[in-house]
Amino acid sequence: MKIIGLQCKVEMMRILRNPFYVFWSLAMPIAFYFIFTRVFNTGADDVQLWQAHYLMSMTTFSVMGSAIMTLGIRLVQERTNGWDKFMRVTPLPGTTYFFGKMFGQTVMHLFSIIVIFLAGFLINGVSLAPSQWLLSGLWIIGGSLPFLALGTLVGTMKRVDTASGVSNAVYMILAICGGMWMPIDILPRIMQRIAHWLPSFNFGGGAWAIIRGQAPEWSSALILLGYFLLFMLLSTYIRKKQEAV
C-alpha cells in the first residue's frame with residue numbers, strides 16, 4: 001500500500017506541473033462557461049436551468065479532456081523517454097504503475113470538479129441542492145473511467161505529436177457531437193442518433209439529469225461501462241503486442 005501511495009503522490013505532482021492540465025481542464029472550460037452564459041444571449045427560456053446545465057457540460061468537458069489528453073500524452077512521453085522500460089525492471093508491478101496514474105488523474109478530476117463548480121457559483125450564482133452537487137460530482141468521477149481507458153489507448157502511440165493531434169481531434173469531436181458545447185437538437189438528425197451512442201453524450205447526460213432532479217438512465221451507465229471495457233481491452237492487447245516485438 002505504501003508503494004501505491006507514493007506512486008499516486010508522484011503522479012499528482014506531475015499532473016499539476018503540466019500546462020496541458022491547467023489549460024484544457026481549468027482555464028478553457030471556465031472561459032467557455034463565462035462566454036456562453038454571460039456574454040452571448042442564448043435565448044434560453046429558463047436562464048437558471050441553462051446556467052446549471054452548461055456548468056455540467058463544461059465540467060464533463062474538462063474531465064473528459066484531462067483523461068484523454070493529459071494521461072494519454074504523458075504515457076507517450078514516458079514511452080519515448082524509455083521510462084516504461086525502466087519501470088519494467090523495477091520491483092513495481094505494472095498494474096500498480098497504471099493504477100497510480102489513473103488514481104492520480106482521478107484526484108485531479110475531483111480538483112477540477114470543485115474548481116469549476118465554484119466558478120459556476122461565483123460567476124452566475126448557480127444554486128443546487130447539496131445532494132445534486134454531490135451526486136453530479138460522483139457521477140462525473142465514475143463516468144470518467146471510459147475516458148481514462150481511452151487515455152491509456154492513446155498512450156500506446158509511438159510519437160508525442162501524433163498522440164497530441166489524435167487525442168485533440170477525438171476530444172473535440174466527442175465534445176461537439178456529444179452535446180457539451182451546444183444542444184444536440186440543433187445537429188442534423190443522423191448526428192443526433194449517433195450522439196446517443198457516444199460516451200460523451202451519455203457522460204454529460206447523467207449530470208444533466210441530476211440537475212433536473214432526475215436519476216441518470218441505466219442505459220447511459222451501461223454504455224459508459226461498455227466503452228470502458230472496450231478501451232481497456234484494446235489498450236491491454238496493443239501493449240502486449242508492443243512488448244512482444
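Q: How do the residues lining the second largest pocket divide into nonpolar, polar and charged?
A: This is a predicted model, in which local features need pLDDT of at least 70 and side-chain atom pairs pLDDT 80 or more, while totals for chains, interfaces and linings use all residues. Residues are numbered from 1 along each chain as its sequence is written, and side-chain values use heavy atoms, leaving out hydrogens and water. A pocket is an open set of 1 Å grid points where a 1.4 Å probe fits, with protein on both sides within 12 Å along at least five of seven lines, and lining residues have an atom within 4 Å of a point. Counting Asp, Glu, Lys and Arg as charged and Gly among the polar, the lining comes to 12 nonpolar, nine polar and five charged.

Q: Which element gives the most to that lining?
A: Helices here are DSSP runs (H or I, at least four residues), numbered from the N terminus. The second largest pocket, with a volume of about 500 Å³, is lined by 26 residues, and His 53, Phe 201, Gly 205, Trp 208 and Arg 212 lie nearest its centre. Two or more lining residues come from each of α3 (47–80), α10 (199–211) and α11 (218–244). With six residues, the most comes from α10.

Q: How far apart are the end C-alpha atoms of α6?
A: Helix α6 covers residues 130–143, which makes 14 residues. Its expected span is 1.5 Å times one less than that number, so it should be 20 Å. The end atoms agree, being apart by 20 Å.

Q: Within what arc do the buried residues of α6 fall?
A: Gln 132, Ser 136, Gly 137, Trp 139, Ile 140 and Gly 143 are buried (under 20% relative accessible area; exposed is over 50%, with a 1.4 Å probe). On the other side, Pro 130, Leu 134 and Leu 138 are exposed. The buried residues line one face of α6, because seen down its axis they fall within an arc of 160°.

Q: Is Ala 215 buried or exposed?
A: Ala 215 lies in the loop between α10 and α11. Leu 135 is 80 residues away from it in sequence, yet 9.5 Å away in space, C-alpha to C-alpha. At 59% relative accessibility, Ala 215 counts as exposed.

Note on methods: The arc is that of the directions from the helix axis to the C-beta atoms. Grid points are joined across faces, edges and corners, and a volume is the space filled by probe spheres set on the points.
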